[in-house]
Amino acid sequence: MASHVIDNLLLQDSFGTDEMRMVWNEKNRLQKQLDVERALAEAEGELEVIPQEAAAVIASVADSRRFDLQELAHAGLTSKHSLIATIKKLQELAGTAGEFVHYGATTQDIVDTGTVLQLKEAHQIIRRDLKKLLYKMTSAAAQYKTVPMAGRTHGVQALPITFGFKLSVIVCELGRHLERLEELEHRVFVGVLCGAVGTYASFDGRGNEIEANVMKKLGLAVPEICWHASRDRFAEYASVLSLLSATLGKLGHEFYTLMATEIDEVEEPFSKGTIGSSTMPQKRNPALLEGLASLTRPVFYSAALVREAMLMEHERDAMAWRAEWIALPEICIYIARQLGSALVLFDGLQVKTDNMRKNLDISGGLIVSEKIMFELGKFLGKQTAHALVYELAMTAQEQEIPFAVLLKQNEKVRRYLSEQQIAALLNPANYLGEAAEKVEQVLALAKAKGWMDGA
C-alpha cells in the first residue's frame, strides 16, 4: 500500500502524472543505472581496458527485466548500500564476465549519472508541456486582446486593462522560464565517471578517455572535473523549476480569485458529474485551480532541500546526497501535475466578458478618475487637478453620490469639460492605454523565440 500522495492510488492524480511517475519509479531508476554500467563496459571494451567479450556479455544482461526489485531491496537492507546489490546481481548474470562489471567506477558515478539520465527524460516532458501551455495562453491572449477588465492593485480596482494583457504578462514570465530551462541544459545534463575521489586513479591513465566515451554513448556532456561534491547542477535545475512552479501557482491563485462569486470573471472547466461539496449541492468549487496553486509550496520546500545538498563534506558524503533522491523526483512530479492542470484549464476556461464589463462599471467611473485628472491637468496643472479629483472621488465613495454627478456639478470641472466629454472619459473601454499593442508585441515575441514550437 502506498503511503505518499505521489503514489497513493486515491490521490496520485492530484499530485502528479503517470508519465512523470514512470520517469522516477524504481524500475526506471534501476534501468538508468544499468544503462550507465552498460555504457561503461562497452567503452572499456572498445578501449581494451576490459576484454571485449566480457563487455558484450555485461551489456547484454544490463536489463532491469532480469532483476527482482524485492530481492534487491532485501539485499540492500542487509548490505546497507544503495547499489551493491545491483552490482552483485549484474555480476551473477554476467557469469565469468562479471569480474569486469563496474570496473574502476564508484557508486556515486553510477547513481549520479543515472539520476542525470532520469532528469533529462523528465526535462523533455516539462519542456514539451510548457510549450503547449505557451501556445494555448498566447492563443487566448490574442482572442481577448481588446476585452476590457478591471486591473487591480493591492486587491482593489485600479485602472482598466484587457484580459489579453493580463495573460500576456504571464506568457512572458513562462517564456523566460522556458529560456532558463533550455539555457541550463549544457550545464545540468552532464554525467560523471571518475572513481572514488574523482581523480580517475582506478582507470590506469585512461579515465578521461573512458568517461568521454561513456558520456557520448549516454547522450550526456562530459564534466570539466569530478562533481561528486559539487551539487550545483541539480540545485540549479530545482531552482528553475521552483520559479516555473511559482508562476503556475500564481496563475492558479489569480484565477481562483477571479472565479470568486463576487467577481465571477472566469470559471475553470466544469464537467458533468463533478461534485463541489458533500453537503452543499450548488457548489462548483475551483478544485482545479486550488490543486494548481497548492503544489507550489511543496516545490519550494523540495527545491530548498536540493540546495541544501550543496553543503557536501570533503570529496562526498551521503548525508547531503540522499536529500536529492527525495526532492528531485517530487519536484518533477509536482511540476508535471501543475503543467497538466494548466493545460486542462486553458482547454475549457470560461471567460465571462459580460461580468468583466459589469465589474468595470461598479465604481461608477471611479476606476478612470486618473483619466479625468490628466484631462483637467492640461488646464489646471497635474497636482492641482489631482487634489480636485481626489476630493470628488472621496466624496463619491463616502457619501455614495455617483462620481459622474459630482463631476458635472463641479464648477471647475464644468469650465473645461462638457457633459459629453465627461461621459466619454468615464467609459473604461476608452482608457486602455497601449494594452492591445503590447499584446501584439508579446505575440510577435513568442513566435520569434519559438515559445510555441511544441504546440
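This is a predicted model: local features need pLDDT of at least 70, side-chain atom pairs count only at pLDDT 80 or more; totals for chains, interfaces and linings use all residues.
How many aromatic pairs does a search of the whole structure find? The search returns eight aromatic pairs.

**Stop 1: a tilted pair.** Select phenylalanine 100 and tyrosine 103. Their ring centres lie 6.1 Å apart and the ring planes meet at 40°, so the pair is classed as tilted; planes under 30 degrees apart would count as stacked and those over 60 as edge-to-face. Now colour the two residues by accessibility. Phenylalanine 100 is partly exposed, at 25% relative accessibility. Tyrosine 103 is likewise partly exposed, its relative accessible area being 33%.

**Stop 2: an aromatic cluster.** Next, select Tyr144, Phe163, Phe255 and Phe346. These residues form a cluster linked by ring pairs.

**Stop 3: a charge over a ring.** Proceed to arginine 29 and tryptophan 325. The charged end of arginine 29 is placed over the ring of tryptophan 325, at 5.0 Å from the ring centre.

**Stop 4: two packed helices.** Display helix H3, residues 26–46, together with helix H6, residues 84–94. The two helices pack with their axes 12 Å apart and at an angle of about 60°, which makes H3 oblique to H6. Their crossing is right-handed. To inspect the contact, show side chains on both helices: H3 contributes Leu30, Leu34 and Glu37, while H6 contributes Thr86, Ile87 and Leu90.

Note on methods: Residues are numbered from 1 along each chain as its sequence is written. Side-chain values use heavy atoms; hydrogens and water are left out. Rings of Phe, Tyr and Trp (its six-membered ring) pair if their centres lie within 6.5 Å; planes under 30 degrees apart count as stacked, over 60 as edge-to-face and the rest as tilted. Buried means under 20% relative accessible area, exposed over 50%, partly exposed in between (1.4 Å probe, protein chains only). A charge sits over a ring if NZ of Lys or CZ of Arg is within 6 Å of the ring centre and within 35 degrees of the ring normal. Axes are lines fitted to C-alpha atoms, for helices over the stretch in contact, and angles run from 0 to 180 degrees between N-to-C directions. Helices (H or I, at least four residues) and strands (E, at least two) are DSSP runs, numbered from the N terminus. Angles under 35 degrees count as roughly parallel, over 145 as roughly antiparallel, 65 to 115 as roughly perpendicular and the rest as oblique. A crossing is left-handed if the near helix is turned anticlockwise from the far one by less than a right angle, and right-handed if clockwise. Contact means heavy atoms within 4.5 Å.
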